[in-house]
Amino acid sequence: MDLSIVIPLYNEEESLPELSAWIEKVMQENKFSYEIIMIDDGSTDRSWKIIEQLRVNNCNIKGIKFQRNYGKSPALNEGFKAAQGDVVITMDADMQDSPDEIPELRRMIVEDGFDIVSGWKKKRYDSKLSKNIPSKLFNAAARRMSRIKLHDFNCGLKSYSKKVVKSIEVYGEMHRYVPVLAKWAGFRNIGEKVVEHRARKYGVTKFGWSRFVNGFLDLVTIFFMGKFGKRPM
């Protein structure tokens with residue numbers, strides 16, 4: 001299988017039909033064999049019913065349902081376990097990531113030999129106070145601590161070789177720092193691609209200040225694990 005598209009989601013009933021149709025169009029145009037793995041992270045709306053309906057018309061769509069909201073990291077972790085494609089693409093379900101980026105993200109893994117390619121939303125449509133400023137703080141701290149030169153660690157749009165996703169475990173709020181986890185696992189060929197950031201069309205942002213705090217706490221964890229993790233007890 002060429003591609004696994006892994007999509008964690010929470011209360012995204014409005015966007016799912018349009019998103020799945022767009023992905024299907026891109027797959028057909030490029031003649032990719034693929035699967036779309038949608039992980040419903042305990043949605044309280046009709047997201048799971050929509051996924052079931054979409055599966056009736058497209059056998060490449062697969063669903064995983066959590067009984068409650070665990071967070072993006074556990075959702076990604078389950079998606080990685082289930083993925084069968086040679087290249088794995090992660091993207092958000094809110095239509096702010098463009099499926100048109102998928103062919104080039106795949107090419108950079110297959111032809112250029114990257115282990116990971118991380119999207120960089122150079123031009124953003126988020127509120128500066130609520131998300132842009134926290135993201136810049138996260139990225140600056142993550143670059144300094146990890147020594148990985150990425151502009152946008154938190155971008156949901158990334159591509160991975162299959163070996164990477166089968167070699168790491170994502171937990172806590174570590175979805176922000178998957179490139180760091182991959183580097184620890186020995187995958188050091190990490191690239192970056194400028195990707196389109198689309199204005200939100202449906203729903204509301206799931207970002208909150210609690211996630212900001214949790215993200216920094218996990219960054220501290222990463223710092224100590226990176227510094228002391230290789231030393232004997």
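Biologist: Which way do strand 4 and strand 6 run, parallel or antiparallel?

Modeller: This is a predicted model. In it, strand 4 (residues 87-90) and strand 6 (residues 158-161) run antiparallel. Four bridges join them.

Biologist: What is the bridge partner of Val-87 in strand 6?

Modeller: Val-87 has Ser-161 as its bridge partner there.

Biologist: How many strands form the sheet, and in what order?

Modeller: Seven strands, in the order 3-2-1-4-6-5-7. The sheet is open, and the pairing is mixed.

Biologist: Which are the edge strands?

Modeller: Strand 3 and strand 7 (190-194). Each of them pairs on one side only. From one strand to the next, the twist averages 20°.

Biologist: And which strands does helix 3 touch?

Modeller: Helix 3 packs on the sheet and touches strand 1 (3-9), strand 2, strand 3, strand 4 and strand 6. Its direction makes about 150° with that of strand 2.

Biologist: Which residues of helix 3 are buried?

Modeller: Ser-73, Ala-75, Leu-76, Asn-77, Gly-79 and Phe-80 are buried. The elements covering them include the strands 1, 2, 3, 4 and 6, and also helix 6 (162-165).

Biologist: Let's switch to strand 1. How many of its residues are buried?

Modeller: Seven of the seven, so strand 1 is largely enclosed by the rest of the structure. Leu-3, Ile-5, Ile-7 and Leu-9 point one way. Ser-4, Val-6 and Pro-8 point the other way. Residues on both sides are buried.

Biologist: How many bridges join strand 1 to strand 2?

Modeller: Seven bridges, and the two strands run parallel. Ser-4 stands opposite Glu-35 in strand 2.

Biologist: How does the chain cross from strand 1 to strand 2?

Modeller: The chain goes through helix 1 (residues 16-30). This β-α-β crossover is right-handed.

Biologist: What about strand 1 and strand 4, in which sense do they pair?

Modeller: In the parallel sense, over four bridges. For example, Ile-5 has Ile-89 in strand 4 as its bridge partner.

Biologist: New topic. How many salt bridges does the structure hold?

Modeller: Ten. One of them joins Lys-62 and Glu-35, with the closest N and O atoms 2.6 Å apart. That pair links distant parts of the chain. Lys-62 is in strand 3 (residues 61-66) and Glu-35 in strand 2 (residues 34-41), 27 residues apart.

Biologist: Is Glu-35 buried or exposed?

Modeller: Glu-35 counts as buried, because its relative accessibility is 1% and the cut-off is under 20%. Lys-62 is partly exposed, with a relative accessible area of 31%.

Biologist: Which side chain meets Glu-78 in a salt bridge?

Modeller: Lys-81, at 3.4 Å, N to O. Both residues lie in helix 3 (residues 72-82), three residues apart, about one turn of the helix.

Biologist: Why does that spacing matter for which way residues point?

Modeller: An α-helix has 3.6 residues a turn, so residues three or four places apart point the same way. As for accessibility, Glu-78 is partly exposed, at 27% relative accessible area. Lys-81 is exposed, at 55%.

Biologist: And where do Arg-107 and Glu-104 lie?

Modeller: In helix 4 (residues 102-110), three residues apart. Arg-107 is partly exposed, with 26% relative accessible area. Glu-104 is partly exposed too, with 29%.

Definitions and conventions
Residues are numbered from 1 along each chain as its sequence is written. This is a predicted model: local features need pLDDT of at least 70, side-chain atom pairs count only at pLDDT 80 or more; totals for chains, interfaces and linings use all residues. Side-chain values use heavy atoms; hydrogens and water are left out. A salt bridge is a side-chain nitrogen of Lys or Arg within 4 Å of a carboxyl oxygen of Asp or Glu. Buried means under 20% relative accessible area, exposed over 50%, partly exposed in between (1.4 Å probe, protein chains only). Two strands pair if DSSP finds at least two bridges between them. Axes are lines fitted to C-alpha atoms, for helices over the stretch in contact, and angles run from 0 to 180 degrees between N-to-C directions. Contact means heavy atoms within 4.5 Å. A crossover is right-handed if, with the strands pointing away from the viewer, the path from the first strand over the helix to the second runs clockwise.
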